[in-house]
Amino acid sequence: MHSYIGKPVSRIDGHDKVTGAAKYAGEFNTSGLAYGSVVTSTIAKGRIARIDASEALRVDGVLAVLTHKNRPPMANGARAYKDDVAPDKGKPFRPLYDDKIWYSGQPIALVLATEWEIARFAASLVRVTYKPQQHATDIFARRKRAFEVKKPAKPRGNAKKAYAAAAVRHEAEYFVPTENHNPMELYAATAIWDGGGKLTVYDKTQGVQNVQRYLRGVFKMKPDDLRVMSPYTGGAFGSGLRPNYEAVLAVLGARALERSVRLVLTRRQMYGLGHRPASIEHLALGANCGGTLDAVTHEAIAETSQYEDFYRNDTTWSGLLYTCANTKYVHKLVRLDRPSPCDMRAPGAATGVYALECAMDELAIALEVDPMELRLRCYSERDQNNNVPYTSKALRECYREGARAFGWDKRKPEPRSMRDGTDLVGWGMATGVWEALQMPFDVRITLTANGHAEVACAASDIGTGTYTIMAQVAADMLGQPLDNITVKLGDSTLPAAQVEGGSWTAASVSQAISNTADEIRKELLRLAKAMPHSPLADAKPGDVALVDGKIVSRAHPGRAVSIADAMRHGGAARIVRKRGSDFKDDSKHARNTHSAIFAEVKVDEELCVVRVTRIVSAVAAGRIINTKTAHSQIMGGVVWGIGMALHEETLVDDAFGRVMNADFAEYHVPVNADVHDIEVIFVDEPDAIINPLGIKGVGEIGIVGVAAAIANAIHHATGKRVRDLPITVDKILG
Ligand code: MOS
C-alpha cells in the first residue's frame, strides 16, 4: 500500500517549472496583445497639476495614455475597492482615481503601445507637473503623533507594578526597518479580451477569487464576464494577498482599447506596493529572584499609510509564549506618506518576536542564566492570553532536539570567549511561534473509472508546494498512485478558496480533500454493495478504505472490490463530489506552531564582518505532509531570517519621500555566499484535536525568531548588542 503523506515527494510541477512549461502571469500570449507601462509619481504628497502626454502619444506604436482624466469608468466609492484582506479601517488606494498623490511611486498614468519597449520609452516622455505638499516619511520624526489601535489580547495583572517590583529588569527598544518583498516573479497581469466585454485575467496573485471579486466590484462586471487565473506564482510572501494595481490597470487598458493588454511592473515599481512596516518595538521585562518572568510590557509603534490602518499582531506573542502573571500590550500606528504596508511572511511575529527574543536573551544575561534555561523556566503549557490549552505544543522537544543537534551544551556563556582563528565565534538561540490557522476551502474531486482523479480548488501555489501536497493527500485518500492525480488550482471558476496566506492552505485544503474523498468512498461502497455476491455487502462507509485501487474492508482486508469493477458494474463513468473543509469553531484550544532556532556566527574581530556559519531550526508543526517541501519552506524562512538580521532595509530619502534602494543592487538580500549550513528538524507533534489529519501548516514559522537568534549570537561573539536591524558592520564597529 502506498502512503504519500509524510514522505519527501518531489514537486509534481517541478518538471514544468524547470522546463518553462509552467506559465506565469506575464507569459500568456494572444493575438493583438498590447503592452502597458506605468508612470509613477515622483513626489510623495500633493496633487497632480497637469499630465502632458502629447510627446508620448507622438511615438509610433503608442495606442493610448490613460490618466485619471481620461480613463474608462471605475467605481467611485472606496467600498468597491475593499478586498478580502483589506484592513478594516480606511479607504483602499484607488489607482488612477483622481489627482491626489498619496506616496512616491504611486501609479498616475498608463501608457499602452504595440510593443513593451515602445510603451516603456513613451512612459519616459509623459510630463507631469505637481502641486506638492509637505510630506512625512520618517517614523521616528512622527512617533509623537502615534495613535493606539485595538490590541489583539487583554492585559493581565499589573505589569507596571510588577516591573517596578522586579528583582531584575530589562528594558530596551528594538527596531525593524521597512522591508520590501522581492519575489522572483515581477508583478504582472495579462488581461485577455474575450470579446463583448468578457475578460480572462492572468494575474500574479495569492488569491484568484479575491482578485476576481475585487475587479468585478471596481469595474462593475458580471461574475461570468471575468475569470482570474494564476496557475503558477513565482513567490509572493504576502505581497500578492491583496489585489495589486497591475491587475486593475491591465483591465482598465483592455477595456479602453477593447483588446488584450499585458502589464509587467519593473522591480523598481514593486517598491511602490506594500511592504513590511517599519516598527519600533519596546520591551520591558521584569524577573523575580527565582529567575522567572513577572512582568512583560510590549509596545509596538509601526508605520501605516495616510489612507488605511494596516497592522498585525506584533505584541501579544510576548505574553502568549511564556508564563507571566503581569502583561501589558500597546500597539500604535504612525501615519506616513507611503503606500499601505501589507503582510510579509509571518506579519507581526517576525518583528514582534524578534524584539521579544532579543529581550529574553538580554534578561538571561542579566539573570546570569543560560538563555535556553530561562525559556524552559518560563515554559507555558497553556495559551497565557486566553488561558486555554494548546491542541499540541512540542516546543520543549524543539529546544531539546535543536540544542542537541547544535551542540548547545558546549557553549561558553561569556561573550568573546569562543574563537576560531581571527574570528570571534558566537552562539545564540531564540524561540519562534506562529499560528496554526485553518480556513474554509472547498474541493471538487472527479474520479473516473480508470482510477484517474482530478482534484480542483481555487487555491494558489505560491511556490510552497500546494500542487504536490494536494496530490499526496488525494492519492492516499483515494487509494491511487500519485501519477493518477491531477491537481487544478489558480482559477477563479474552481471551488471556493481563501487567499494562500497565513500558512493555512495545507491544513485547510487537505481537510477538504479528505472530506470530499469520504463522499467518493461512500458512493464507491454503494456501487460495490450493489454487485452480486459483494464481499462488502454488510460494510458501512467507516468500515472500508480505498487502498491500491480497491475498496477494502478495514477489519478483513481480504474482502475487497476493485474501484474499476464497482464503477463499471454501476455504470458510473465518473464520480464527482464537492465538499468543504468544515472546521468547527474551537475556542477551547490554542492553535500554534513553534520552533527553536540556534545560530552560530563568526565575526572577523577587526572588520566585524559577520558570517552566519550554522543554523539549526527545530520545528513543531503537527504532521508534516511533505518532508521535502516543508524542509524547503523552513530553509527559505531561515535564509530570509539571515537577510532580516544582516541585510534587508528599504531606505527612504526623507527629503524626497522616495525609496533610494529600489533594486537588487542596493536592496540587499542574502545570496549563496551568505548562506552556509542550515539544518531543519521536524520534531514529532501528534495532534488529534486540531483537525482529523493533525496538520498545522509550515511556512511562516520558518522565519520567526531567526533574526533574534543571529542578533543574540552576534552579541555573544562580540559583546556588542545591536538592536536596530539590519546588523551591519558599522553598527558593530560603532
Ligand atoms: Mo503570507 S505573509 O501569509 O503570504
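Helix axes here are lines fitted to C-alpha atoms over the stretch in contact, and angles run from 0 to 180 degrees between N-to-C directions. With that in hand, let us start with a pair of helices, where helices (H or I, at least four residues) and strands (E, at least two) are DSSP runs numbered from the N terminus. This is a predicted model, in which local features need pLDDT of at least 70 and side-chain atom pairs count only at pLDDT 80 or more, while totals for chains, interfaces and linings use all residues. Residues are numbered from 1 along each chain as its sequence is written, and side-chain values use heavy atoms, with hydrogens and water left out.

The axes of helix α11 (residues 466–478) and α12 come within 9 Å, crossing at roughly 30 degrees. That makes α11 roughly parallel to α12; angles under 35 degrees count as roughly parallel, over 145 as roughly antiparallel, 65 to 115 as roughly perpendicular and the rest as oblique. The crossing of α11 past α12 is right-handed, a label used if the near helix is turned clockwise from the far one by less than a right angle, with anticlockwise giving left-handed.

Now turn to helix α5 (residues 208–219) and helix α6 (residues 245–257), whose axes come within 11 Å and cross at roughly 45 degrees. These two, α5 and α6, are therefore oblique to each other. Here too the helices have a right-handed crossing, as α5 passes α6.

Next come the charged contacts. A salt bridge is a side-chain nitrogen of Lys or Arg within 4 Å of a carboxyl oxygen of Asp or Glu, and a search of the whole structure finds 38 of these salt bridges. Helix α12 (residues 505–529) takes part through Glu523, which pairs with Arg577, the closest N and O atoms being 3.4 Å apart. Arg577 lies in strand β26 (residues 574–580), so the pair ties together parts that are 54 residues apart in sequence. Glu523 is buried, at 15% relative accessible area, whereas Arg577 is partly exposed at 27%; buried means under 20% relative accessible area, exposed over 50%, and partly exposed in between (1.4 Å probe, protein chains only).

Another salt bridge joins Asp663 to Arg268, with 3.1 Å between the closest N and O atoms. Asp663 sits in the loop between β30 (658–659) and β31 (677–682), and Arg268 in the loop between β12 (261–264) and β13 (279–287), so this pair ties together parts that are 395 residues apart in sequence. Arg268 is partly exposed, at 49% relative accessibility.

Arg143 and Glu173 form a salt bridge as well, their closest N and O atoms being 3.1 Å apart. Since Arg143 belongs to the loop between β6 (127–132) and β7 (147–148) and Glu173 to strand β8 (residues 168–176), the pair ties together parts that are 30 residues apart in sequence. Arg143 is partly exposed at 29% relative accessibility, and Glu173 is partly exposed at 29% too.

Let us finish with two other places to look. Ser104 is found in the loop between β4 (100–101) and β5 (107–113) and is buried, with a relative accessible area of 11%. Its C-alpha atom is separated by 33 Å from that of Ala459, 355 residues apart along the chain. Val729 lies in helix α16 (residues 729–733) and is partly exposed, at 33% relative accessibility.
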